Amino acid sequence: MSYLLEVSGLEKAYGGVKAVNGVSFRVKEQTIFSVIGPNGAGKTTLFNLLTGIERPDSGSILFHEDQLVGLPPFKVALKGISRTFQNLQIFFNMSVVENVMVGCHRLGNASMLSAIFRLPSMLREERLIRHKALKALEFCGMSQMRDKPADSLPYGQLKKLEIARALASEPHLVLLDEPAAGLNDTETVELSELIKKLVENGITVLLVEHNMGLVMDISDEVLVLNYGELLAMGTPSAIQKDPKVVAAYLGEE
Amino acid sequence: MRLLGLGIFAAVIAILPLLFPENYYVTVVGVTMFFNVILAVGLNLFMGYAGQISLGHAAFFGLGAYSSAILTTKFGFNPWLAMGAGVALVWIVSYLVAKPILRLKGHYLAMATLGFGIIIHIFLVQYDTLTGGPDGLSSIPELSIFGWPINSDLRWYAVSATVMLLSILFSLNIVASRHGRALQAVHGSEVAAETMGIDTSRVKVHIFVISAVMAAVTGSLFVHEQAFISPDSCSFFFSIELVTMVVLGGMASTFGAVFGAAILTYLPEFLVVFQDFKVLIFGGILMFIMIFLPEGLFVGLCRLFTHFKQEQKECLTS
């Protein structure tokens, strides 16, 4: 089986603090790969490095064997990597379906001129984008609220909206940054079903999450970060038994 | 359905001069308003939709106006050719300015655009061999379309109304497209827009140039209509007035900008009867609107209306 994402020797320091320190891992296609670790372990920094929001000091990120290091975020997105945010980054000035339609941005290429004159090619593309956005909403079970303004949605729905928006770009890889944070038990179960459905549809999922129940339940592989360094990597059951991981989370005896 | 508002607006504008062909407020102030609408609609794309700020927009209006004035009076250019040259100049200047300036955000962007506007203004005042200095330039030739001279108030009304309606149509079209959504996404969350594959800096530069070019075309038309231009017409205060139009009508709404431009054009005209108190009352009205309808007059009223209709519906069903 081929690897979708190959990260090696990734490093990023802020001043004297090494937020990510020589992390290497590989993600197989169509799997759920989770990154866990105590607060401040460098999980979100890792996501920012992978999506081009931050540039690593050294190391390499290969996606479909393409080097991603040095690309601006929008170019990373164009390669088929999409993400959600720990602190919501919803377009609150738009409706629900418009939010998701922005997710489809990379699928269109109609020029500004064709938009100004509403040429048939642009209208055709618009219909396609709308269709795809509605499908993504349906996939996440949000069809009935498509025309609501995004700022009228409750927190749990906004979390799902971010996933729908990320899906709409038809990505190969989706990075979910703490999707279960702030969700109640029912919503968390729904979320885990949704993530499993993503993988069934051919998408690879990289997950940062604090909800251990969710992580251990759905992950194919788990990576543990601590102080920016890779502490352990393996199947959920192996990670749960790893004494280093237990020590990092609960303190040493 | 999408263009219903524009259709009604166009109909009203077409009927008004038929009913009042000699009315000063229709055919003279009307043309000024149409020019202001084009400027406000253009600026609204950049400010209201993309969520940026420009306090130097009058500079592009001025560059367009002065290009036409200088090229026609000093170099004997055909007015249309001069307009084309002015637009090309503004295109290039706005692009070159946008590249570095739009890396800035919020207050810093406001300061930078303000500085740019003032530099252009000083240039127009000081470089008097070309621009006529503070006195400006006069006896600018009239514009004609295929031998049909635009030489009366009514003709200017028709021409400026057409250009204005087109600019509104284009603005509505841009907003209802993938590019329009990209603008609003930049406003909503730049980092999310970027991770959706939107080249945010390019989007901002694009819309800045588009709105600058719209200002340049307006400036060029303005100079032919007035047959005169002075640096006062494109000073810092005019930039502020344009921003006020956009904010007053309601940001991120094309018709909000239209509304704002209409009010800021007509209100001072009607307040003339109050003589010395004119400015005071004008300021008072603006404050009143912003306190009670902070989303802007047009957007605020629309929201009140839909709210009212919904309540009515609820009363009927319960």
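Good morning. The model is predicted, so local features need pLDDT of at least 70 and side-chain atom pairs count only at pLDDT 80 or more, while totals for chains, interfaces and linings use all residues. Residues are numbered from 1 along each chain as its sequence is written, chains are lettered from A and ligands numbered from 1 in the order in which they are written, and side-chain values use heavy atoms, with hydrogens and water left out.

I begin with chain A. The axes of helix 3 (residues 96-103) and helix 5 (residues 120-139) of chain A come within 9 Å and cross at roughly 110°. Helices here are DSSP runs of H or I with at least four residues, numbered from the N terminus. Axes are lines fitted to C-alpha atoms over the stretch in contact, with angles from 0 to 180 degrees between N-to-C directions. Helix 3 and helix 5 of chain A are therefore roughly perpendicular to each other (65 to 115 degrees; under 35 is roughly parallel, over 145 roughly antiparallel, and the rest oblique). Contact, meaning heavy atoms within 4.5 Å, involves residues including Val96(A) and Val100(A) of helix 3 of chain A and Ile129(A) and Arg130(A) of helix 5 of chain A. By class, the residues of this contact are 9 nonpolar, no polar and 2 charged. Ala, Val, Leu, Ile, Met, Phe, Trp, Tyr, Cys and Pro count as nonpolar, Asp, Glu, Lys and Arg as charged, and the others, Gly among them, as polar.

In chain B, helix 4 (residues 57-73) packs with helix 11 (residues 200-226) at an angle of about 45°, their axes 7 Å apart. That makes helix 4 of chain B oblique to helix 11 of chain B. Among the residues in contact are Phe60(B) and Gly64(B) of helix 4 of chain B, and Ala212(B) and Gly219(B) of helix 11 of chain B. This contact has 10 nonpolar, 9 polar and no charged residues.

I turn to the pockets. On a 1 Å grid over the protein atoms alone, a pocket is an open set of points with protein on both sides within 12 Å along at least five of seven lines; a cavity is a set where a 1.4 Å probe fits but cannot get out, and lining residues have an atom within 4 Å of a point. Volume is the space filled by probe spheres set on the points, which are joined across faces, edges and corners.

The largest pocket has a volume of about 1,800 Å³. Of its 39 lining residues, Asn93(A), Glu98(A), Ala252(B), Ser253(B) and Arg303(B) lie nearest its centre. Which helix gives the most to this lining? Helix 15 of chain B does, with 9 residues. The lining comprises 16 nonpolar, 11 polar and 12 charged residues.

The second largest pocket holds about 740 Å³ of space. Among the residues closest to its centre are Phe170(B) and Met214(B). Its lining has 22 nonpolar, 5 polar and no charged residues.

Finally, the cavities. The whole structure has 2 cavities of 30 Å³ or more. About 50 Å³ lies in the largest cavity, and helix 6 of chain B supplies the largest share of its lining, 3 residues. The second largest cavity holds about 40 Å³, and its lining includes Lys159(A), Glu162(A) and Asp177(A).

Notes:
Helix = DSSP H or I, 4+ residues; strand = E, 2+ residues; numbered from the N terminus.
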